Amino acid sequence: MLINELITAYKEEKDQLPSSMNDLLDYYQRKYITGEIDIAYYRETYYFLFKKGAVSAFEYTY
C-alpha cells in the first residue's frame with residue numbers, strides 16, 4: 001500500500017487526516033492485526049513509517 005493510499009484510507013475511515021506518522025502506523029497495525037493486510041505489505045510499509053520516525057503505541061514505555 002502506498003503512503004498516499006494509506007492516508008486516504010485513514011481519512012475515509014476516521015473523517016480526519018492523521019496528525020502524525022504515529023497515527024498512520026497505529027492505524028496500519030490495526031489493519032494488519034484484523035487480517036486486512038498481508039504480511040509482505042505490512043513489513044514494507046511498517047519499515048517505511050519507522051524510518052520516517054513513527055513509533056507504535058505498542059512500543060511506548062512508561
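Lys31 is buried, because its relative accessibility is 16% and the cut-off for buried is under 20%. The model is predicted.

**The salt-bridge network**

Two salt bridges are counted in this model. Glu13 is partly exposed, because its relative accessibility is 48%.

Shared partners join Glu13, Lys31 and Glu36 into one network.

**Helices H2 and H3**

Helix H2 covers residues 21–33. Helix H3 covers residues 39–51. How do the axes of H2 and H3 cross? They come within 10 Å and cross at roughly 165°. H2 is therefore roughly antiparallel to H3, since angles over 145 degrees fall in that class. The crossing of H2 and H3 is left-handed.

Tyr47 is placed in H3. Its relative accessible area is 47%, so Tyr47 is partly exposed. The C-alpha atoms of Tyr47 and Tyr28 are separated by 12 Å, and the two residues are 19 apart along the chain.

**The nonpolar patch**

Which residues make the nonpolar surface patch? They are Tyr32, Ile33, Ile39 and Phe58. The patch has an area of about 420 Å². Tyr32 lies in helix H2. It counts as partly exposed because its relative accessibility is 30%.

**The loop between H1 and H2**

Asp15 is found in the loop between H1 and H2. Its phi is near 60°, a positive value in a residue other than glycine. Why does that deserve a look? Most residues other than glycine have a negative phi. Asp15 is also exposed, because its relative accessible area is 70%.

**Pairs across the chain**

| Pair | Separation along the chain | C-alpha distance |
|---|---|---|
| Gly53 and Asn22 | 31 residues | 8.0 Å |
| Ile3 and Tyr27 | 24 residues | 12 Å |
| Tyr47 and Tyr28 | 19 residues | 12 Å |

Gly53 belongs to the segment after H3. With a relative accessible area of 46%, Gly53 is partly exposed. Its C-alpha atom is 8.0 Å from that of Asn22.

Ile3 is found in helix H1. Is Ile3 buried or partly exposed? It is partly exposed, because its relative accessible area is 23%, and buried would require under 20%. Its C-alpha atom is 12 Å from that of Tyr27, a residue 24 positions away along the chain.

**Back to Lys31**

Methods: Residues numbered from 1 in each chain as written. Predicted model: local features only at pLDDT ≥ 70, side-chain atom pairs only at ≥ 80, totals over all residues. Heavy atoms only, no water. Patch = residues over 30% accessible without salt bridge, like charges linked within 9 Å, V, L, I, M, F, W, Y side chains within 5 Å. Areas by Shrake-Rupley, 256 points an atom, 1.4 Å probe, with all protein chains shown as cover. Salt bridge = Lys/Arg side-chain N within 4 Å of Asp/Glu carboxyl O. Helix = DSSP H or I, 4+ residues; strand = E, 2+ residues; numbered from the N terminus. Buried < 20%, exposed > 50% of the residue type's maximum accessible area, 1.4 Å probe, protein only. Axes fitted to C-alpha atoms, helices over the stretch in contact; angles between N-to-C directions. Parallel < 35°, antiparallel > 145°, perpendicular 65-115°, else oblique. Left-handed = near helix turned anticlockwise from the far one by under 90°.
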